[in-house]
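Take a walk through this protein model.

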Amino acid sequence: MNGQPITETALKVEVAASGDQMTREQALNALIERALIVEQAKKQKLDQRPQYTLEVARISDVLLAKQYAQFLAQSSGNSITSADLRDYLAAHPEIGSGRRRITLKQVIFPEPKNPDLRAGLAATRSYPELIQVLQAHEVRFEEGTTAIDTANAPAPIMKAMAAAQPGEPFVIIGRGQALASVVEREVPVSTSSEQELALAREKMVQSAVQTKFGQILQALKKDADIKYPQLPKAAGKHSAS
C-alpha cells in the first residue's frame, strides 16, 4: 500500500483482534483504510504532539503488561494436574455438578445514608417488604430482572446470596448505589466433564495469575526507588489522613 507491504502476520493479528469476526478481505480493507488515515495524520504532524507521545507510551505499557499476564497464565497452566482440577471442582461445585442459572429480581437505588433506612433494609425478609421500606422512606428506585450463571457470577453476589435465606433480599452497596436482589428461579446447568475440567483450569489459572501478580508487584515495589509527587488537593474535599 503506497509502497509499504501488508504482511501475512499483520492480517492474522487484525483477524484475531476482531475475535475472528472479520474475514481476511475485511481485515485487509481495515488495514488499508487505517494506513491511509495514518498517512494523513502524519502529514498534519499529529504524531509529533506531546499528547500522542504520551498515549503511545501508555498503550505500549498496557500491551506489554497484558502479554506478561499471558506469559504468567501459560506458566501457571502448565503446572496444574488432573488431581488439582478434581480437587478444585470438589471445592467449587458452583462451576460443576452444582452449576445453576439463577434469575434475580432486582431493585437499584441510591446508596442509603439514613441509619433508619439502613436498619429497615437489614430487617426485610421478602421482596414486598423491601419495596415497602423504600417507599416509606420515599426512595426513588428502579426494578428489573437479570440472570446469572453461578460459574461466572461476580463473587460479591455469590457471597451475599449464600448468606441470605430463601426468598430473602440481599443488598450490595458500592459506588454510590445499592443493588437489592431476590432469587426468583433456579435452573440446573448441565455440562460435560470436559467442560467442567476446562472451566476449572481457567479459574485456577486466573487465581494463580492474580496471586503471582500481587507477589511480584509487592517485591518490585519493595526494591524500587519510588518517589510519589505531591498531588494538589481536590477542591471541596478533605485529604485522607
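Residues are numbered from 1 along each chain as its sequence is written, and side-chain values use heavy atoms, with hydrogens and water left out.

Begin with confidence. pLDDT is the predictor's confidence in each residue, from 0 to 100. Its mean over the protein chain is 89, and 95% of the residues reach 70 or more. Among the chain's elements, strand S1 has the highest mean pLDDT (97), while helix H1 (residues 8-17) has the lowest (86). Helices (H or I, at least four residues) and strands (E, at least two) are DSSP runs, numbered from the N terminus. Residues 237-241 stay under 50 in pLDDT. For that stretch the model has one contact beyond four places in sequence; contact means heavy atoms within 4.5 Å. Where pLDDT is low, the predicted coordinates should not be read in detail.

Now find helix H7, residues 155-163. Ile157, Met158, Ala160 and Met161 are buried there. Buried means under 20% relative accessible area, exposed over 50%, and partly exposed in between (1.4 Å probe, protein chains only). The cover over these H7 residues includes strands S1 (100-110), S2 (142-149), S3 (170-174) and S4 (177-188).

Ser181 counts as buried because its relative accessibility is 2%. Its side chain makes a polar contact with the side chain of Gln106 at 3.0 Å. A polar contact is a pair of N or O atoms within 3.5 Å; within protein, one must be able to donate a hydrogen and the other to accept it, and residues adjacent in sequence count only if both atoms are side-chain atoms. Leaving out residues up to four places away in sequence, Ser181 touches Leu104, Lys105, Gln106, Glu168, Pro169 and Phe170.

Val209 is buried too, with a relative accessible area of 11%. With residues up to four places away in sequence not counted, Val209 touches Ala69, Leu72, Ala73 and Ser76. Val209 and Ala73 are 136 residues apart along the chain, yet their C-alpha atoms are separated by 5.9 Å.

Technical notes: This is a predicted model: local features need pLDDT of at least 70, side-chain atom pairs count only at pLDDT 80 or more; totals for chains, interfaces and linings use all residues.
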